[in-house]
Amino acid sequence: MAKPLIQLVKGMHDILPADQPYWQLILKKATAILNDYGFERIDTPIVESSSLFSRSVGETTDIIEKEMYNFKTRGGDDISLRPENTAGVVRAYIEHGMSVMPHPVQLWYFGPMFRHDNPQAGRFRQFYQLGIESFGDDNAATDAMLIFIGYKLLESLGLKNLAVRINSIGDSSCRPQYLRALKDYYRNRAKKVCNKCKKRLKTNLLRLLDCEEQVCKDIGKDAPQTVDHLDADCKSHFKGVLEFLDEVKIPYLLDSRLVRGLDYYTRTVFEIWPDEAVKTENQESDQPAAEVHSKVPRWALCGGGRYDKLVNLLGGPKTPATGWSMGMERLIITLKNQNVATHEHHAQPKIFIAQLGESAKRKGLLLFEEFRKHGISARASFGRDSIKSQLRIAHRLGIKYTLIVGQKESLDETVILREMDSGVQETIPQTKIVEAIKQRLKKE
RNA sequence: GUGGCUAUAGUUUAGUGGUAAAACUCCAGGUUGUGGACCUGGUAUCGAGAGUUCGAUUCUCUCUAGCCACCCCA
């Protein structure tokens with residue numbers, strides 16, 4: 001067979017049957033948990049106006065500046081493939097007047113997102129996110145509850161030792177002051193930081209905090225922390241979130257360097273990591289890092305936070321909100337790394353219908369449907385004509401009973417019932433075959 | 001977007017300047033209507049295109065994709 005000349009577009013991937021059990025497992029657990037917590041599913045389009053994303057995610061973020069799939073329609077509209085889905089859900093919330101519904105309005109979504117980034121393991125240009133959003137509740141308990149739900153969902157999938165990293169980045173009333181303090185701090189240290197950070201000083205101050213260079217880490221050790229510059233409201237809110245987390249026994253790690261790359265976040269930001277990754281990051285630098293790193297996923301499974309200004313920013317009423325999203329592909333890789341079993345094997349087909357000759361083939365087709373009506377899943381291979389190869393297939397499928405319909409049986413209106421393990425055969429009238437099989441299956 | 005490594009049957013891997021090997025898988029067959037073992041055979045325009053050459057899968061270039069690092073993120 002010639003190799004197809006067309007291969008996958010860069011960064012795209014197929015989800016093959018072998019992987020489907022993981023997807024099903026995640027969706028099944030998520031649906032159950034989210035339903036229990038009162039979240040309802042929403043599906044928004046993959047395509048939205050480009051301005052929706054630039055206004056929400058932020059004009060100067062990497063996602064918008066470098067990673068958006070945007071293009072012009074024939075009609076001249078500027079549209080984009082969604083790089084994330086909070087913006088779309090907020091748009092829908094506003095557009096369908098959900099602000100008049102009883103609050104909180106709790107929604108969840110699942111679907112493909114698109115970012116024109118360079119692909120690597122666990123990073124695709126089309127990738128799936130499962131996420132939740134809660135509108136209309138600014139209480140710290142809500143932040144904690146969402147984190148709790150994310151944590152429990154991951155835990156229910158069989159993941160062990162998850163680590164929540166959490167921080168508060170304040171809001172528009174206290175963040176400017178913080179940024180000023182940060183700038184002051186770095187002013188007389190600007191020459192010492194790495195070259196990349198020199199750029200960041202001008203473009204993206206917050207990002208200085210999570211630079212991986214050792215010099216920058218050292219310098220950043222004493223840098224002002226967001227938490228210390230929160231105003232009274234933000235501070236008590238953050239304190240509240242942590243207290244709730246303590247209460248429900250979710251372990252967390254205060255991470256003053258966690259800032260996240262989307263502009264719309266206010267106050268609480270958090271990520272949930274598989275524990276090995278966090279450990280690796282926190283280890284002292286005297287170990288052969290390269291080797292450890294190569295085996296360990298180094299990304300968050302779940303990330304999110306509060307975004308109290310976004311609904312209003314996009315033209316809706318002032319509505320506090322919070323949410324998170326999970327990367328499905330990364331989650332599945334982690335599940336595989338941790339050897340989580342899916343337990344979602346296919347129902348084993350019970351019977352195989354083998355036929356010989358045209359008229360028998362027609363009979364076989366009818367039998368197939370007859371069994372299906374009775375809830376019995378059958379297999380057949382109508383493309384194979386020799387009894388030999390059909391039995392071979394039946395055997396390979398691990399089937400217990402094979403029904404053989406040949407010329408003779410077709411005329412006699414009978415069927416040979418062969419029990420595969422013993423090889424014992426019996427001829428049974430076609431009218432009674434379903435009943436005969438049913439009885440045998442019942443005995444098991 | 002930048003840099004490094006890689007690209008041979010469905011899969012995992014050999015190998016060579018004269019059109020390719022193995023294992024597993026898959027398909028067919030091993031006579032007259034019966035599986036599992038075993039045996040035989042089949043399946044690769046050696047990622048795509050161009051160049052050098054008498055001749056390239058093997059050398060060179062371009063492209064594409066994958067992996068990794070940077071960057072960023074889910």
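A residue is taken to be near a molecule or strand when its C-beta atom, placed from the backbone, lies within 6 Å of that partner. On this criterion, RNA strand B is surrounded by 57 residues, of which the closest are Lys10, Gly261, Gly327, Gly406 and Lys408. The model is a predicted one, in which local features need pLDDT of at least 70 and side-chain atom pairs count only at pLDDT 80 or more, whereas totals for chains, interfaces and linings use all residues. Residues are numbered from 1 along each chain as its sequence is written, and chains are lettered from A and ligands numbered from 1 in the order in which they are written.

The secondary structure of chain A consists of 17 helices and 16 strands, helices (H or I, at least four residues) and strands (E, at least two) being DSSP runs numbered from the N terminus. Chain A has 444 residues, and 36% of these count as buried; a residue is called buried if 20 or more other C-beta atoms, placed from the backbone, lie within 10 Å of its own, exposed if 12 or fewer do, and partly exposed in between. Two residues are in contact if their C-beta atoms, placed from the backbone, lie within 7 Å, and among the contacts in chain A with a separation of 6 or more, 72% are accounted for by residues 24 or more positions apart.

Helix H15 provides the largest share, seven residues. By residue class, the surface near RNA strand B comprises 20 nonpolar, 17 polar and 20 charged residues, where Ala, Val, Leu, Ile, Met, Phe, Trp, Tyr, Cys and Pro count as nonpolar, Asp, Glu, Lys and Arg as charged, and the others, Gly among them, as polar.

An unreviewed UniProt entry places the feature "binding site" at Glu84, Asn85, Thr86, Arg115, Gln129, Glu133, Arg260, Tyr264 and Tyr265; UniProt positions are given in the numbering used here, feature names are shortened, and annotations may be inferred rather than shown by experiment. One of these positions, Asn85, is found in the loop between strand S4 (78-81) and helix H4 (86-95), and Asn85 is buried because 25 other C-beta atoms lie within 10 Å. Residues up to four places away in sequence not being counted, Asn85 touches Thr44, Tyr109, Gly111, Met113, Gln129, Gly131 and Ser325. Glu133, which lies in strand S6, is likewise buried, with 27 other C-beta atoms within 10 Å. Apart from neighbours within four places in sequence, the contacts of Glu133 are Thr86, Val89, Leu107, Ala321 and Gly323.

Helix H9 (residues 232-247) has 16 residues and reaches 22 Å from its first C-alpha to its last, close to the 22 Å expected at 1.5 Å a residue, the expected span being 1.5 Å times one less than the number of residues. Its buried residues are Cys234, His237, Phe238, Val241 and Leu245. Seen down the axis of H9, these buried residues fall within an arc of 95°, so they line one face of the helix; the arc is that of the directions from the helix axis to the C-beta atoms. What covers them includes helix H5 (140-156), strand S7 (162-168), strand S8 (252-254) and strand S9 (266-274). On the other side of H9, Ala232, Ser236, Glu243, Asp246 and Glu247 are exposed, and for Ala232 this assignment rests on 9 C-beta neighbours inside 10 Å. Just after H9, Lys249 adopts a positive phi of about 60°.

Further backbone features occur in loops. A cis peptide bond, with omega of about 5°, joins His103 and Pro104, and Pro104 lies in the loop between H4 and strand S5 (105-114). In the loop between H5 and S7, Asn161 has a positive phi near 55° although it is a residue other than glycine, and Asn161 counts as partly exposed, with 13 C-beta neighbours inside 10 Å. Lys160, also placed in the loop between H5 and S7, is exposed, with 10 other C-beta atoms within 10 Å; the C-alpha atoms of Lys160 and Asp275 are separated by 7.7 Å, although the two residues are 115 residues apart along the chain. A positive phi of about 55° is found for Asn339, not a glycine, in the loop between H13 and strand S12 (351-355), where Asn339 is exposed, with 7 other C-beta atoms within 10 Å.
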